[in-house]
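Reader: I'm new to this one, could you walk me through it?
Author: Gladly, and please ask whatever comes to mind.

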Amino acid sequence: MEELRREAAAYVSQMTPEEKAALCVGADFWHVRGVERLGLRGIMTADGPHGLRKQVAHHDSARPSDSVPATCFPTASAVACTFDPELAQEMGRAMAEECRAERVSVLLGPGVNMKRSPLGGRNFEYFSEDPYLAGKIGAAMIRGMQSVGVGASLKHFALNSQESRRMTVDSAADERALRELYLRAFEIAVKEGRPWTVMMAYNRLNGTYCCENQALYGILRGEWGFDGAAVSDWGASRDLAAGVAAGLDLEMPGVKNGHAADLLRALREGRLAEANLDRAAENVVLLLLRAREGEKIPYTCDREAHHRLAEKIAESAAVLLKNDSLLPGGAAQNAAVIGALAARGRYQGDGSSRIHPWRLEQPLDALRAKIPRLTYAPGYRLDDPAADRALIEEAVAAVRGKDIVYLFAGLPEGWESEGYDRRSLDLPAGQEALIEAVCRANPNTAVVLQAGSPLALPWADLPRAILMLYLGGESGGSAAAKLLLGEVSPSGRLAETFPETLADTPAARDYPGGHVALHRESLFIGYRFYDAARRTPRYPFGHGLSYTTFSYGAPVLEGDEGVGWRLSCRVKNTGAFAGAEVVQLYAAPLESNCFRPVQELIGFQKIYLKSGCEKEVSFTVKEGDLRIYDPEQGRFLVENGAYELRIGASSRDIRLRCTLRVTAGTRCRDRRRELPHYYEVDGFFPGEEFARLLGRPLPEYAPPRKGTYDESAALEDLCAVRPGRILAAVLRRCLSWKYRKRPEAGARMWEQFCTTPLWQAPLGGVPRRFAEAFLALCNGCWGAALRALLGKY
Ligand code: BGC
């Protein structure tokens with residue numbers, strides 16, 4: 001690595017400022033530029049993150065048919081439920097092998113953002129509400145990818161917690177929430193995965209766009225030792241000169257927006273130091289060299305094996321939420337399969353991650369191949385959320401007298417996607433009505449769910465079993481059949497809490513918010529919230545049943561605070577099935593001056609045991625696992641006092657406890673009086689307390705006015721003036737026409753249009769000078785508008 005870095009520096013020393021500036025902007029939508037004169041070849045990037053989406057043409061399109069066929073693995077929310085870093089590593093490697101076969105050098109993923117709310121439109125692309133789990137799975141995936149010479153792009157750094165106004169929203173979060181929660185997964189993934197690139201998010205963080213956020217780069221490089229290239233998310237680089245000055249290396253995609261010329265101008269005007277341009281160019285060259293070296297690593301690309309690996313991951317990810325002695329079903333039973341999603345399953349999410357699957361297996365076909373006596377009825381329409389009485393009646397008639405019913409339900413396409421957040425946790429009303437009617441007609445019903453994120457399940461008492469498949473990828477259909485028939489015992493554990501209702505969720509009052517996303521709940525997202533607020537979720541973090549049972553022997557704790565501790569116990573499979581258990585380790589501080597989560601995951605191990613077999617499971621616990629961030633001292637520290645180590649089968653099924661004591665640490669200042677709602681969590685975090693926690697007044701959004709509009713203004717801002725209103729009216733008409741058959745999709749598209757900042761116009765093919773002229777018009781400056789129109793970039 002040191003050698004490559006030296007080589008990169010040597011290349012940069014031979015470059016002109018123009019060549020360096022050119023390197024900092026992509027060559028086109030997917031390619032990073034090389035320097036022909038010096039014999040440096042450019043490289044190709046592609047999405048990610050659960051398979052390769054290599055565009056056939058070099059433009060952007062999320063239509064699967066526009067990208068080459070590739071193995072569609074289960075999406076991140078499923079992968080995390082495996083609690084199995086080894087599988088994640090294998091998946092990373094397999095995806096990278098397909099990249100190698102397609103000459104793609106960087107795969108855009110994984111995404112390790114925290115799930116602040118289950119409504120997040122991109123939650124299916126993210127791993128967990130817990131940073132330790134997300135970080136460990138993410139790091140493993142990166143290691144797998146890079147082991148065959150394909151770089152990862154860890155994304156989206158940072159606090160990309162929502163899709164609403166995702167291009168400009170300001171995520172406001174306190175230092176502890178940042179360090180202990182939102183940045184933690186990135187920290188683990190950077191330190192343990194060493195990604196070639198990190199992708200800077202669209203949003204602002206505490207007032208500054210991530211691409212221009214010096215504090216973020218300081219942490220990334222200065223504290224975590226990141227040695228790769230910082231790349232903008234596609235279209236996130238508003239002001240490249242400001243970005244490069246702060247720490248950005250590469251703007252993607254490369255469009256004609258004049259940003260390379262801006263860099264040179266900033267250099268001439270002294271707004272950008274040459275050292276910063278050199279750093280950026282060197283990091284981009286290093287990326288090219290890493291790719292060059294990567295291509296020398298031998299690899300094979302066995303798509304059949306990848307398809308089977310995707311199936312194995314889907315099997316390992318599915319979470320058996322409930323089982324009242326119904327599952328596994330038997331192949332000899334007289335069975336009914338209900339639900340359009342059985343015949344046309346949902347196996348991946350929407351947006352930039354959409355893959356053209358190499359081969360696709362449907363649950364219904366897989367079940368038909370195994371069960372000779374099987375009746376099928378669709379029960380609902382995928383394109384209409386309302387109940388279809390005729391289809392429900394047909395389904396009810398089909399399930400009567402059957403030994404078992406497999407009812408497939410879930411979120412239809414378009415219900416969760418990049419670009420917008422969900423508005424509710426509910427299933428389509430028609431599916432809920434179907435579940436009720438079918439369960440009443442035949443209580444021996446197992447509901448099988450397909451969705452990328454948690455759902456509200458008010459009907460959960462009705463069926464005898466519920467299996468959550470998540471989005472299981474191209475071979476999820478066969479995985480479902482194997483799980484339902486007991487060829488494999490379910491072993492997925494929830495990587496996120498399933499709440500009872502939306503109102504129960506931690507950010508319920510604030511999500512997604514307006515232009516500023518106040519992360520008021522601080523550390524209390526996911527199980528940290530439900531534990532602290534003493535709320536009972538529908539299914540807790542870490543939950544998941546099996547067809548077998550496991551017993552835990554007594555815990556043994558050895559070691560001390562000087563050397564660290566070793567905690568072990570024996571786990572035995574006491575049931576009749578072979579299966580895997582996920583042994584989870586939580587740390588619970590018993591005495592602290594700070595507000596802290598009741599318990600936090602600090603370790604996990606997935607072990608596979610045949611019936612009657614047992615194994616020792618051991619964890620090493622270091623002082624660092626107990627650390628908290630003290631914003632007043634600006635560092636992590638370990639508080640003195642007692643900590644309970646809890647070994648559990650879920651966050652709410654703790655089987656073993658033991659206590660250790662730290663004496664060589666320190667204590668933070670007690671802020672109970674200033675921040676009572678953080679010490680006693682009841683679900684409400686008053687603004688004045690959050691302001692105290694932030695250490696500044698709550699950021700407020702001041703809408704820009706005529707005369708002050710800049711390139712961050714979006715159509716919704718510009719509608720305050722006549723030119724904006726005229727443009728909006730024209731665009732609206734065009735969209736209504738284009739989406740005349742899908743008005744809901746049209747409405748969502750309109751929302752995205754309205755909230756996209758003007759600086760992104762060149763991405764949509766609108767020349768920058770048009771956008772600037774329009775901006776000048778909106779500001780009432782006709783002369784400037786004319787000058788912009790005539791100007792050249
Ligand atoms: C997404 C990224 C993706 C990129 C390229 C962006 O809109 O946020 O996750 O990698 O597009 O498709």
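Reader: Which residues touch the most other members in the largest nonpolar core?
Author: Before I answer, note that this is a predicted model, in which local features need pLDDT of at least 70 and side-chain atom pairs count only at pLDDT 80 or more, while totals for chains, interfaces and linings use all residues. Residues are numbered from 1 along each chain as its sequence is written, and side-chain values use heavy atoms, with hydrogens and water left out. In the largest nonpolar core, which has 204 residues, the members that touch the most others are Phe157, Ile338, Tyr406, Phe408, Leu449 and Leu457. A nonpolar core here is a set of buried Ala, Val, Leu, Ile, Met, Phe, Trp, Tyr and Cys residues joined through side-chain atoms within 4.5 Å, and buried means under 20% relative accessible area, with exposed over 50% and partly exposed in between (1.4 Å probe, protein chains only).

Reader: Which helix gives the largest share of this core?
Author: That is helix α11, residues 274–294, with ten residues. Helices (H or I, at least four residues) and strands (E, at least two) are DSSP runs, numbered from the N terminus.

Reader: And what is phenylalanine 157 in contact with?
Author: Leaving aside neighbours within four places in sequence, phenylalanine 157 has contacts that include Leu183, Phe186, Val198, Met199 and Trp224, where contact means heavy atoms within 4.5 Å.

Reader: Which residues does the second, separate core include?
Author: That second core has 25 residues, and Phe550, Ile607, Val638 and Cys658 are among them.

Reader: Changing topic, how many salt bridges does a search of the whole structure find?
Author: The search finds 70, a salt bridge being a side-chain nitrogen of Lys or Arg within 4 Å of a carboxyl oxygen of Asp or Glu. One of them pairs glutamate 716 with arginine 165, and their closest N and O atoms are 2.7 Å apart. Glutamate 716 sits in helix α21 (residues 715–718) and arginine 165 in the loop between β5 (151–157) and β6 (170–172), so this pair ties together parts that are 551 residues apart in sequence.

Reader: Is glutamate 716 buried, exposed or partly exposed, and what is its relative accessibility?
Author: Glutamate 716 counts as partly exposed, at 29% relative accessibility.

Reader: Which residue forms a salt bridge with glutamate 304?
Author: Its partner is arginine 359, with the closest N and O atoms 2.7 Å apart. Glutamate 304 is in helix α12 (residues 303–317), and arginine 359 is in the loop between β13 (356–357) and α14 (363–370), which puts the two 55 residues apart. Both are partly exposed, glutamate 304 at 35% relative accessibility and arginine 359 at 32%.

Reader: What about arginine 538, which residue does it pair with in a salt bridge?
Author: Arginine 538 pairs with glutamate 500, and the closest N and O atoms are 3.1 Å apart. Arginine 538 lies in the loop between α18 (527–532) and β19 (550–552), glutamate 500 in the loop between α17 (476–484) and β18 (516–518), so the pair ties together parts that are 38 residues apart in sequence. Arginine 538 is buried, with a relative accessible area of 19%, whereas glutamate 500 is partly exposed at 32%.

Reader: Which residues do salt bridges that share partners join into one network?
Author: The network joins Glu304, Arg308, Glu311, Glu315, Arg359, Glu361 and Lys482.

Reader: Now the backbone: which peptide bonds are cis?
Author: Two examples are the bond from glycine 48 to proline 49, with omega near -5 degrees, and the bond from glycine 109 to proline 110, with omega near 0 degrees. Proline 49 lies in the loop between β2 (43–47) and β3 (69–70), and proline 110 in the loop between β4 (106–108) and α5.

Reader: What is the phi of serine 325?
Author: Serine 325 has a positive phi of about 50 degrees, although it is not a glycine. Most residues other than glycine have a negative phi. Serine 325 is in the loop between β11 (319–323) and β12 (335–338), and it is exposed, with a relative accessible area of 64%.

Reader: Last one, where is methionine 15?
Author: Methionine 15 is in the loop between α1 (2–13) and α2 (17–23), and it counts as buried at 7% relative accessibility.
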